[in-house]
Amino acid sequence: MKERNGQLRYLSIVIGAFLSVGVIVGLTNNLYSLYVIPITTGLGISRGLYSMGITVRYIASAFCNLFMGPIIFMLLHIS
């Protein structure tokens with residue numbers, strides 16, 4: 001029974017992390033769409049190029065986050 005409680009606690013932490021990241025990404029993505037036209041006209045670039053840059057940023061962030069869990073685990077268990 002103790003193992004089951006540990007699994008439920010772990011599951012709740014994972015769900016909470018996904019929800020918090022989802023809210024943060026949703027809010028920042030909404031801000032990007034709000035300022036696309038002023039930023040692109042100010043920089044003199046196309047909206048497609050700006051949107052592609054944001055997409056590449058999110059893909060790179062997702063790729064790096066795959067490795068952050070093991071890195072943090074190693075750093076916390078060294079001492």
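Helices (H or I, at least four residues) and strands (E, at least two) are DSSP runs, numbered from the N terminus. This is a predicted model, in which local features need pLDDT of at least 70, side-chain atom pairs count only at pLDDT 80 or more, and totals for chains, interfaces and linings use all residues. Residues are numbered from 1 along each chain as its sequence is written, and side-chain values use heavy atoms, leaving out hydrogens and water.

View 1. Starting at the N terminus, the order of elements is α-α-α. With a radius of gyration of 19 Å, well over the 12 Å from the globule rule for 79 residues, the protein is more spread out than a compact globule. That radius is taken over C-alpha atoms, and the rule is 2.2 Å times the number of residues to the power 0.38. Along the principal axes, the C-alpha trace spans about 60 × 25 × 15 Å.

**View 2. L76 in helix α3 (residues 47-76).** Exposed means over 50%, buried under 20%, and partly exposed in between (1.4 Å probe, protein chains only). Of the 79 residues of the protein, 5% count as buried.

**View 3. The lining of the largest pocket, including I13, F18, Y58 and N65.** A pocket is an open set of points on a 1 Å grid over the protein atoms alone, where a 1.4 Å probe fits, with protein on both sides within 12 Å along at least five of seven lines; lining residues have an atom within 4 Å of a point. Helix α1 (2-34) and α3 each supply at least two lining residues, and α1 gives the most, with six.
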